[in-house]
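Hi there,

Here is the model I promised to pass on to you.

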Amino acid sequence: MEIPEASLVSGSAVKPRSAIAPGSAIEIVALGHQQLDLTSADLPERLSEINADVIINCAAYNAVDAAEQDMAAAMALNAEAPERLAIWCRQQGAWLIHISSDYVFGNVFGNVFGNDLGSVFGNVSGNASANMLGNAPRALTESDVCEPLSLYGQSKLAGEQRLLKANPGALVLRTSWLYSRFGSNFVLTMGRLLTERPELKVVADQVGTPTWAEALARLIWQLLIWFHLKPEKSAVLSGCFHYAATGQCSWYLFTQEIAEQIAKQQCNSAPSSQAAVPLQTASPSQAALQSQATLHSPANPAPITPRCRITPVSTAEYGALLNRAQAPRPAYSALDSSALKDAMAAMPSAFRCYLPKDYPSPIWLSWQAQLALMLSGLGASSLG
Ligand SMILES: NC(=O)c1ccc[n+]([C@@H]2O[C@H](COP(=O)([O-])OP(=O)(O)OC[C@H]3O[C@@H](n4cnc5c(N)ncnc54)[C@H](OP(=O)(O)O)[C@@H]3O)[C@@H](O)[C@H]2O)c1
């Protein structure tokens with residue numbers, strides 16, 4: 001079976017629907033905010049000009065804290081726009097894939113960590129590779145109750161509900177803790193701060209699943225190929241599905257893993273006399289710092305971890321350090337993607353195996369493995 005190639009078209013110049021025939025290339029029209037404002041009054045007319053077979057809505061008002069003061073703007077982009085997209089898609093027979101968030105959940109299992117952060121830290125300290133907290137509950141499924149804690153979460157949940165009511169054939173993909181090599185995100189920020197700061201205080205009582213945006217993109221690409229070749233089958237994937245990497249961690253453990261993986265890469269790329277020392281969660285001694293300082297020249301930067309102590313803090317402690325109001329976030333929002341995996345298993349294998357043999361598909365990997373793939377593609381030096 002021939003797998004279609006993608007051609008990327010930025011801007012508003014697009015071919016009519018008839019140009020996309022079975023067996024031909026899939027044309028992707030990537031429109032930024034400036035090219036298509038989803039809150040504009042003439043959205044349906046603009047959509048008709050573009051006339052896509054599938055719309056993937058990645059746009060969002062995603063400033064979680066700012067949304068607390070700006071609910072109208074969050075609702076306009078996160079709830080009203082998806083509903084309008086859904087109506088257009090239903091009327092025109094197009095498929096809509098919409099990205100949603102783990103922040104639609106509240107504290108499903110109550111206050112998981114209570115005030116006993118010691119037990120959380122006890123489970124993770126000294127073991128940066130562990131991806132589970134000993135007392136973590138099961139990951140959340142699509143049937144768990146959504147009671148968002150923040151206005152951002154409320155606007156995203158309203159978007160899901162309004163979209164699916166207007167167009168039950170649409171697909172909502174809920175994902176979590178996204179990062180990539182582009183833009184601004186937790187991995188890139190921590191990669192930089194780990195080299196700049198002597199100490200980082202990171203929240204340890206929020207647990208979720210870091211997910212590489214490229215894995216999500218590859219999943220959607222796979223769905224597009226499937227839709228392109230078998231449009232009648234897209235009904236199998238309608239409604240709400242979770243997609244995240246496997247496993248779970250706190251932001252603190254995620255930071256430890258980022259530091260460890262970057263240090264490993266630096267170690268691999270450094271001459272053997274400059275091997276990095278393992279991750280330290282305790283403060284490095286002055287003597288150790290001194291010896292590292294003499295080992296490493298500016299041309300061969302020192303490994304990150306000896307210079308930066310990573311300290312776990314509670315959400316409340318972190319909030320006090322920030323000195324500004326923070327929107328409440330769920331203590332636990334790891335997502336269980338098994339329903340999606342099962343639904344996709346029904347696809348013929350040709351739809352699933354389109355990647356080059358030497359490139360492991362990142363879609364169903366653990367969050368640590370996805371992070372490793374992202375960092376190896378990026379090169380540790382770009383972070384340091
Ligand atoms: N980041 C996470 O950890 C995370 C976690 C779970 C779910 N999600 C979801 O993932 C999706 C992508 O979020 P992201 O965090 O990755 O954000 P992002 O990269 O900042 O993407 C948001 C996009 O929304 C566009 N946008 C803003 N206002 C718009 C408007 N009026 N009309 C059209 N487009 C507009 C922005 O376009 P311009 O750049 O052109 O302004 C930007 O490309 C969202 O649905 C979000 O809720 C994110």
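First, some ground rules. This is a predicted model, in which local features need pLDDT of at least 70 and side-chain atom pairs count only at pLDDT 80 or more, while totals for chains, interfaces and linings use all residues. Residues are numbered from 1 along each chain as its sequence is written.

The ligand has 21 residues around it, and Gly32, His33, Ala59, Ala60 and Ser101 come nearest (near means that the C-beta atom, placed from the backbone, lies within 6 Å of the molecule). This shell divides into nine nonpolar, nine polar and three charged residues. Here Ala, Val, Leu, Ile, Met, Phe, Trp, Tyr, Cys and Pro count as nonpolar, Asp, Glu, Lys and Arg as charged, and the others, Gly among them, as polar.

Now the sheet. Helices (H or I, at least four residues) and strands (E, at least two) are DSSP runs, numbered from the N terminus. Four strands make an open, parallel sheet, ordered β3-β4-β5-β10, where pairing requires that DSSP finds at least two bridges between two strands. At the edges sit β3 (54–57) and β10 (239–242), each pairing on one side only. On average, neighbouring strands are turned by 20° against each other, direction ignored. Strand β5 (residues 171–175) runs parallel to β10 and is joined to it by four bridges; in one of these strands, β10, Cys240 is the bridge partner of Val172.

Helix α4 (residues 151–166) lies across β4 (95–101), β5 and β10, at about 160° to β4. Axes are lines fitted to C-alpha atoms, for helices over the stretch in contact, and angles run from 0 to 180 degrees between N-to-C directions.

Helix α2 (residues 71–92) packs with α4 at an angle of about 15°, their axes 8 Å apart, so α2 and α4 are roughly parallel (angles under 35 degrees count as roughly parallel, over 145 as roughly antiparallel, 65 to 115 as roughly perpendicular and the rest as oblique). The residues of this contact divide into twelve nonpolar, three polar and four charged.

Helix α5 (residues 186–196) and helix α7 (residues 251–269) meet at about 65°, with axes 10 Å apart, and are therefore roughly perpendicular. Val187, Met190, Gly191 and Leu194 of α5 meet Thr255, Ile258, Ala259 and Ile262 of α7 (contact means C-beta atoms, placed from the backbone, within 7 Å). Six of these residues are nonpolar, two are polar and none is charged.

Best wishes

Note on methods: Contact = placed C-beta atoms within 7 Å.
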